[in-house]
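Me: I have a model open and want to go through it with you. Can we start with the charged pairs and then move on to the overall layout?

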Amino acid sequence: MTNVLATPAPVRDDPGSDTGSVQRVDPRLRRRRTHILGAVALLVVAGLAAVFVVQQLQTQNHVIQVRADIPRGAVIKPTDLAEVTVGSVPGVSTVPGDQIASLIGQRATLDLAKGSLLPTGGIAAVTVPAQGRSLVGIRLDPGRMVIGDVAVGSKVRIVVTAPLNGDPAFKDANSGRQFPAVLVESTPALDGAATLINVQVAQKDASLVAQLAATNRIAVIQDPQS
């Protein structure tokens, strides 16, 4: 007896059934989804860029920069300062840029370096002469003033000498006396040889210093600056 194996007939999908069917996406719908995702990505990037710009604007500061080396005690000129924009400067003392006009004509309270940011209190309305002090103007011939620039605000000593072109051995009650002073202004005389200075001295010494200066018996020594 011969056994015959029955081969199952192939199963055909029922055209009316969804079982086993493949869902196909319309290419137009696929492109539309891609465009939407791209637009969303652009919006996210634009939002992040806007936040970055706002943060940058919020950290910008308009402050005052020193445009020249300014010694302590010098009068501030319009060309000495400028307004600049900087980012966040935590821990750095600065002065707002809108105060620049009010600082012109005041004096530096400390040595200010060119290119630095002006610190709070670096310029103030310093009264000259100070209480208990007097301002004396002196003309110094060559050899009676330190050669080179002596910074305004420097501590100096006024020394009484023998009269210029007089007897070097000349002595009187004032010979060799010394008076502490502070240099307030210094400028060359019109003749280009002498130097004109203004110094602050103790009020009690001002009259004598002026008399000695008028008779050309003054020399100036610069001392170490504290």
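Me: Aspartate 80 first: buried or exposed?
Reply: Aspartate 80 is buried, at 5% relative accessibility. Buried means under 20% relative accessible area, exposed means over 50%, and partly exposed is in between, using a 1.4 Å probe and protein chains only.

Me: What does aspartate 80 form a salt bridge with?
Reply: With lysine 77, where the closest N and O atoms are 3.6 Å apart. A salt bridge here is a side-chain nitrogen of Lys or Arg within 4 Å of a carboxyl oxygen of Asp or Glu. Lysine 77 is partly exposed, with a relative accessible area of 46%.

Me: Before I go on, what sort of model is this?
Reply: It is a predicted model, in which local features need pLDDT of at least 70 and side-chain atom pairs count only at pLDDT 80 or more, while totals for chains, interfaces and linings use all residues. Residues are numbered from 1 along each chain as its sequence is written, and side-chain values use heavy atoms, with hydrogens and water left out.

Me: OK. How many salt bridges does the structure hold?
Reply: Seven. Glutamate 185 and arginine 107 form one of them, at 3.7 Å from N to O. Glutamate 185 lies in strand β7 and arginine 107 in strand β3 (residues 107–108), so this pair ties together parts that are 78 residues apart in sequence.

Me: And how covered are those two?
Reply: Arginine 107 is buried, with a relative accessible area of 13%. Glutamate 185 is partly exposed, at 31%.

Me: Which residue does aspartate 205 pair with?
Reply: Lysine 204, with the closest N and O atoms 3.3 Å apart. Aspartate 205 is buried at 12% relative accessible area, whereas lysine 204 is exposed at 71%.

Me: Which residues are linked in a network of salt bridges?
Reply: Arg139, Asp141 and Asp191.

Me: Switching topic. How many helices and strands are there?
Reply: Three helices and nine strands. From the N terminus, the order is α-β-β-α-β-β-β-β-β-β-α-β. Helices (H or I, at least four residues) and strands (E, at least two) are DSSP runs, numbered from the N terminus.

Me: What share of the residues is buried?
Reply: 27% of the 226 residues. The protein exposes about 15300 Å², and carbon and sulfur atoms supply 58% of that. Those areas come from the Shrake-Rupley method with a 1.4 Å probe; for residues, only the protein chains shown count as cover.

Me: Which residues make the nonpolar surface patch?
Reply: Ile36, Val40 and Val44 make a patch of about 260 Å². Patch residues have over 30% relative accessible area and no salt bridge; like charges are joined within 9 Å, and nonpolar side chains (Val, Leu, Ile, Met, Phe, Trp, Tyr) within 5 Å. Valine 40 lies in helix α1 (residues 27–59) and is partly exposed, at 44%.

Me: Last one, asparagine 174. Where is it found?
Reply: Asparagine 174 is in the loop between β6 (155–160) and β7 (178–188). At 19% relative accessibility, asparagine 174 counts as buried.

Me: What is asparagine 174 in contact with, leaving aside neighbours within four places in sequence?
Reply: Val160, Leu208 and Leu212, where contact means heavy atoms within 4.5 Å. Asparagine 174 and leucine 212 are 38 residues apart in sequence, and their C-alpha atoms are 8.9 Å apart.

Me: And across the protein, what share of contacts is between residues 24 or more positions apart?
Reply: 66% of the contacts with a separation of 6 or more.
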